[in-house]
Every structure is written in C-alpha cells, then in structure tokens.
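Colleague: Please take me through this model, beginning with the terms on which the discussion will rest.

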Amino acid sequence: MSTRPIPTRKPRPLRNWSGSARWTPGEMLRPTEETQIVAALHRARRAGATLRVIGGGHSFTPLAACDDTVMTLDGYQGLVRADAATGLVTLRAGTRLWAVADLLRPHGLALSVMGDIDRQSIAGAIQTGTHGTGARFTGFAGMVRGLRIALATGDVVDASPEQDRELFEAARLGLGAIGVILEVTLQCVPAYRLTLRESTENIDDVQTRFLDDSAHTDHHEFFWFPGTRRATVRTSQRVELATARHRQHRAVEALQREVLANGVFEVCCRAAALVPPLSGPVAEIASRAFAGPGMTDDSHRVYAAPRRVRFHESEWAIPAEHFEEAFDALRRRFIDEGVRVTFPLEIRRVSADDVWMSTASGRDSVYIAAHRHHLERSAPYLLMVQRTLEPFAARPHWGKMHWLGARELCRLYPRFDDFIAVRRRTDPDGILMTPYMRHLLGE
Ligand SMILES: Cc1cc2nc3c(=O)[nH]c(=O)nc-3n(C[C@H](O)[C@H](O)[C@H](O)COP(=O)(O)OP(=O)(O)OC[C@H]3O[C@@H](n4cnc5c(N)ncnc54)[C@H](O)[C@@H]3O)c2cc1C
C-alpha cells in the first residue's frame, strides 16, 4: 500500500505553554495516518535527522523541542474502541483530554482521575507521568493497559503486560524516547460525578491532617501561599452519575474563575513582577480569595479548570511518609530566605504504581509543586525548592522544571538502566534523542 504524502506545515517558531522553551524546527509534520508516521520515522533515519513528537506543548521543559523534525498528532485523534464491560478504552495518541469525555459518554465510561487541566494529548500526558490527586489513584501512566507504538526502526508493535512486557514498561512512561505512541489503551471506569468543596483553613492544621484527610477522601489537595497562615483545601468525593448536578449561577462562577482566579490575579501578579515588594500583599489577598464555590457535576467538569495566568512550575514526588518533614523543611527555608511569591504551592497525593519511570514508582507519593509567574525570574526560587527537597529522595515531574541530569536521576529510579536498555534496542540510531534528552538519560 502506498503512503499518501505526509501533510507538512510551514515551519514556524514554536513555544511551550509557559514560554520557557522556544525553537524553530526544520520541518513540522502533521500526519493523519499510521503509515505516514512510520514513513516519517524511516525518512528521519535515512537522513540522520532527529524527530520529536509534540502533544499539547504543555510541558515546562524542552522535552518536545527539536531543531530537525517536529511531528504533531493533532490530525491523529479519536476513539478506536471502547468496551463498556471491561472499561478498556483505546484512543489515538493525539487525542486531547478535553475531547475524551464526549468520546466515552456513549459507552458510560470516564477517565478514573484527571489533573488540573485538560489541554494535554493523551500520549503527552502518559509520557511525562501526568497525575491528579487521590491516595487510591495512580497517574495516567498507571492506567495504561496496552500501547501501539511506531519504533524509530519503523516497526509497528503492540505492547502490553502479555506482549513484549519490557517494551510496555518502558514505553508507558517513555518521555517520547521509546517510539512514537500511536494508540493508548486505558483502564477506564463507569462514568461518575464529583462533589467538590473548597475552604480556607489554617495551614498548620491542614499540613498535620493532610496524610489522614487524603487517605479518607477520594481526591484531596491543598494550596498554600508561602508567608501566609492560610491554605485553600480542595476536596472531591465521587458520587453516582444519577446525583443531581449543582453549580453556582453561571455569573458567580464566571466571577470566581475568570475574573478573580484569572483576570484580577494576572493583574496582581504582573504588578508584583514589576514591584516585588507587592508579592506579600498579593499572596495575602489571594490566599483569602482562592477558594471557589463548591459544585457537583460530571467528573471531567470538576477536575479541570482554565489556567490563563501563565507560570513556570517545578513539582516533586516525595515518599508519602516523608511529607510532613519535607514540608516543614520548605517552610523553614522560606522563612530563612524571606520568600514572598504570588503563586501558591500545590500539594497532592497519589498511590504507588509499578511504572518504571513513574515519579510514584514503588512509593505512595505526595507531590509538592512550586510556581512562579512567567514574567518573574523563576530559577532561583524553583532551584531553592529543589535543593530543599533533594534530601527526601524527591523525584522531579518529567514535564516540569528541574535541574537534575542522568547522574542524579539514575539513583532515583531502580529501573533506570532497564529503561536505557529498551531505549537502545528500540532507537539504536538515536533518532528521538535531542541534547535535552541526552542530558536526562545520559546517552
Ligand atoms: C497549566 C498546566 C497545568 C498542568 N497541570 C498538570 C497536572 O495537574 N498534573 C500533572 O501531572 N501535570 C500537569 N501539567 C504538566 C503536563 O500535564 C505535562 O507536561 C504533559 O506532558 C503535557 O502534555 P502535552 O500533550 O502537552 O505533551 P507535550 O508537552 O507536548 O509533550 C510531552 C512529552 O510527550 C511526548 N509525546 C507527545 N506525544 C507523543 C507520542 N504520540 N508519542 C511519543 N511521545 C509523545 C513529547 O515528545 C514529550 O516528550 C500541567 C501543565 C500546564 C502547562
């Protein structure tokens, strides 16, 4: 069967969501068929070129950046199959998370958990270990039950726990280095609703109760503005699909989400970026106004919210049992350094999984995320957070900012060498390896 020419877009400057990575690829491919994706890999291999896939471009690191060929799978989206009885769902790799709920609704299914936003592609989300919060739930990579992959050699393979297990384990969180993911099979669950409550509470109490509260609620997290005494607690419980929807009047929600959480907050952050002493007052005000109205709605409508104020972010996975100690260390450090920032820390929890390169591999984990407005210098603050958390065997989120390389990362992941062995087998010529990937993997 002959391959139709691969749709190509005029190369133009690209950037990730936060603007921390900017590059212009030599060419930009937008395949719509599997054969075109395979042809692109063959061509890159023959030319000795490098190729990276870009999903939603929402990683904070230059994971998708590449000077040669960048491929988007935006033209390769949709549902391949869904089985309501088993909950197994196969999606094309480019499918955006915001589109998944509509695809699954006719089958009575939903994603078992989601993160804060829904702009990512499903392949991008699993390749970096994207997660939400919930002590009984893993991140996206832990939900993967099968993958269809185009390897750099041009072979197309199906991998699962039963079929080429090593490839499956490496590729389900593969950083885009194990091949181009074509299809993802996920374990989904019967569709459900969530009842969300948000409240403003004392940070000492919230910190002390976090492990217990998160163990007894479905989805529990909190935000803390450094330098303030207040935390915003966000808790969602799963309820039957038949439970009545309840939301604030649209105008009230718009006021909270668009005006307070995004519009006014953006103005305040910009002001503080220009006049840093304003950071303290901004954090004080924001910590009082951050909690939004509660609601009961379909799960995907509760998990994800618009994030229009751009920021840089680092996120660290700590073994859950070290959370209190690690959080205390951060609080002490912030006092010592007089830290005043406009963005809160975000604290979430997930269960351990068995994915080789997952930040929660083999460990019940608490995530501590730090953010800085995109107009501010983020590196000194985020690096301070990294250094403070390093003694707690903190693993950096693969899609967020950090300053670790292969030498440190290999000590944090017991299966790091196994991952590298699969990478070498599947991409012997290093087609998928950019300088940033070499820095991460030491290749
Ligand atoms: C505002 C915002 C909110 C966020 N919230 C959360 C959150 O709540 N929880 C969380 O864990 N993370 C969160 N993230 C991080 C984000 O989920 C991850 O960085 C995710 O990888 C982004 O997905 P993407 O589709 O944009 O992938 P990209 O950033 O485009 O790519 C990520 C990686 O996946 C690879 N890739 C993409 N498609 C394929 C494919 N088909 N085959 C092989 N490799 C592929 C790329 O090459 C790259 O290595 C957030 C990011 C932002 C900007």
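Modeller: A polar contact is a pair of N or O atoms within 3.5 Å; within protein, one atom must be able to donate a hydrogen and the other to accept it, and residues adjacent in sequence count only if both atoms are side-chain atoms. The model is predicted, so local features need pLDDT of at least 70 and side-chain atom pairs pLDDT 80 or more, while totals for chains, interfaces and linings use all residues. Residues are numbered from 1 along each chain as its sequence is written, and side-chain values use heavy atoms, leaving out hydrogens and water.

Colleague: Which residue has a backbone N or O atom 3.3 Å from an oxygen atom of the ligand?

Modeller: An oxygen atom of the ligand is 2.7 Å from an N or O atom in the side chain of Thr 128, and an oxygen atom of the ligand is 2.8 Å from a polar backbone atom of Asp 116. The backbone atom at 3.3 Å belongs to Leu 175.

Colleague: What share of the 970 Å² that the ligand exposes when taken alone does the protein bury?

Modeller: Accessible areas come from the Shrake-Rupley method with a 1.4 Å probe; for residues, only the protein chains shown count as cover. Of the ligand's 970 Å², the protein buries 99%.

Colleague: Which element gives the largest share of the shell around the ligand?

Modeller: Helices (H or I, at least four residues) and strands (E, at least two) are DSSP runs, numbered from the N terminus. Strand E5 (51-54), helix H3 (122-128) and strand E12 (180-187) each give two or more residues to the shell. The largest share, 5 residues, comes from H3.

Colleague: Within what arc do the buried residues of H7 fall?

Modeller: Buried means under 20% relative accessible area, exposed over 50% and partly exposed in between, with a 1.4 Å probe and protein chains only. In helix H7 (residues 279-289), the buried residues are Ser 279, Gly 280, Val 282, Ala 283, Ala 286 and Ser 287. They line one face of the helix, because the directions from the helix axis to their C-beta atoms fall within an arc of 160°.
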